[in-house]
Amino acid sequence: MKRFEWIFKVSFFVFLCSLTPSASLRAQAVDSVATAGVDSVDISLLTCGPGRLAYELYGHTALRVKGSPFIFYDRDGNPIVFDDVVANWGLFSFHQPYFVLRFVFGKTDYRMGLEPMEFFLEEYEDEGRMVYEQVLNLTAQEKADIIAALKENDKPENRYYRYNYFYDNCTTRADQMVVSHLNVTRADTLESKAYPVTYREAVHVYNGHRRWARLGNDLLLGWKADRPISLAKQLFLPMDLRDYYSAATITRDGATRPLVASAAMLLEARETPSAERMPSPSVVALSLLLLTLLLTGVEIRSKRCYMLYDAILLLAVGLGGLVLTAMLFSEHPTVQQNLQILLFNPLALILLYPVLRNERAGRCHWFWKVFAFSLLLFFLGNFVQRYAEGTNILALCLLIRCYKNIKFT
């Protein structure tokens, strides 16, 4: 997956790619042999820790099947049998037609694939990331049902699915593969745990130390990400699913047993992802506010006009507005309705030239009045949506420029 790293340098891909796993397909499982001695088979939930890159902050989830042989084929078509494999729902091909556009608009198809456990561990060991295993407490019939379902899922016509960050990703797929064959109830001890109550708060738990990555997430998330969600909907994150499984129980035929039989750390994390060393978005925004106040004061006293400063501000929010406007057509439901478009307004880019031309001629363009009204609505939107860090301060900077241009131009 390192070959995809450059994609995520574009800021608006940071959020959409947040849960993309780092595991890659090393061999294609074409078929699997019948399971023999299913009592000796172990099925485990694998939880992988965060990495250094922005899209690795949230970890990854997969299922391990140990003791049931699967046939793989190398590039020459020679069969190789592995009895310890990993089912991974986080694979995708960069060679899909119009991959970048499809990714932005939520039309990317991910796929399920099988790979030998040794290859899976090797990659995470190279990256210094944690791998935690929870062996599930399953009956022979439950194991056989899950293995049969994995074989069915691995058929070419069933491998692909439409990826969605919150609702359908590698973690939710692994969870559904397990719970769809069980009767799982939540343990009482889990109720008292302090879980986040919105999608935005859920991801903030894992990107709080990377505030610029969190800024990219929050810029794209709309007001729907701030609606309260149930505990079940919070299990799209690998660590949350791991904690849930550790306390969950299986109830069948009047008997209750723990979902997890045993747990072990397969790989220790060599280092904890460090915090960013650059100034936070709030510090940058406050510096911009101070600069705005100073320049505006000088303009009013000297009766001069710094058009270049207005041009930079309008260009920045206009380009951001184009991105948020494109998100209106995305299949990701939590990015479609975003009140931050009142600040990152595409009109700022469309009308940039006539606004500056009027400013140079000493006339106030009507855009400044419309934009001032839009910014006031933006501030009211704080009651509905939690904005990205520093955006309220940026809006105040622009409101000051609106006032200056309306009052003194």
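Predicted model: local features only at pLDDT ≥ 70, side-chain atom pairs only at ≥ 80, totals over all residues.
**Entry 1**

**Entry 2: helix α9**

Is α9 enclosed or open? I found nine of its ten residues buried, so α9 is largely enclosed by the rest of the structure. The buried ones are Pro238, Met239, Asp240, Leu241, Arg242, Asp243, Tyr244, Tyr245 and Ala247.

I looked up two of these more closely. Beyond its neighbours within four places in sequence, Tyr245 is in contact with Leu45, Gln134, Leu136, Asp175, Val178, Val179, Leu259 and Val260. Arg242 has its charged end over the ring of Tyr132, at 5.6 Å from the ring centre.

Next I followed β3, which is mostly covered, with ten of its 14 residues buried. β2 and β3 run antiparallel and are joined by seven bridges; Leu46 has Ala62 of β3 as its bridge partner. β3 and β4 are also antiparallel, with eight bridges between them, and here Phe70 is partnered by Phe82 of β4. I see β3 and β4 as a hairpin with five residues between them, and Gly77 in the turn has a positive phi of about 85°.

Which residue other than glycine has a positive phi near 55°? I found that this is Lys303. For context, most residues other than glycine have a negative phi. Lys303 lies in the loop between α10 (281-302) and α11 (307-327). Its relative accessible area is 78%, which makes Lys303 exposed, since the cut-off is over 50%.

Gln340 is in the loop between α11 and α12 (347-350). Is Gln340 buried or exposed? I have it as buried, with a relative accessible area of 0%. Its side chain reaches the backbone oxygen of Asp218 at 2.9 Å. Leaving aside neighbours within four places in sequence, the contacts of Gln340 are Asp218, Leu219, Leu221, Leu324, Phe378, Gln385, Tyr387, Ala388 and Thr391.

**Entry 3: aromatic pairs**

I searched the whole structure and got 18 aromatic pairs. One of them is Tyr110 with Tyr163, stacked at 4.1 Å centre to centre with 15° between the planes. Tyr110 is in strand β5 and Tyr163 in the loop between β7 (160-162) and α5, so this pair ties together parts that are 53 residues apart in sequence. Tyr110 counts as buried at 0% relative accessibility, and Tyr163 counts as buried at 5%.

I also noted Phe166 with Tyr199, a stacked pair at 4.2 Å centre to centre and 20° between the planes. This pair links distant parts of the chain, with Phe166 in the loop between β7 and α5 and Tyr199 in helix α7, 33 residues apart. Phe166 is buried at 3% relative accessibility, and Tyr199 is buried with a relative accessible area of 4%.

Terms used
Residues numbered from 1 in each chain as written. Heavy atoms only, no water. Contact = heavy atoms within 4.5 Å. Buried < 20%, exposed > 50% of the residue type's maximum accessible area, 1.4 Å probe, protein only. Helix = DSSP H or I, 4+ residues; strand = E, 2+ residues; numbered from the N terminus. Pairing = 2+ DSSP bridges. Polar contact = N/O pair within 3.5 Å; in protein donor to acceptor, adjacent residues only side chain to side chain. Phe/Tyr/Trp six-rings, centres within 6.5 Å; stacked < 30°, edge-to-face > 60°. Lys NZ or Arg CZ within 6 Å of the ring centre and 35° of its normal.
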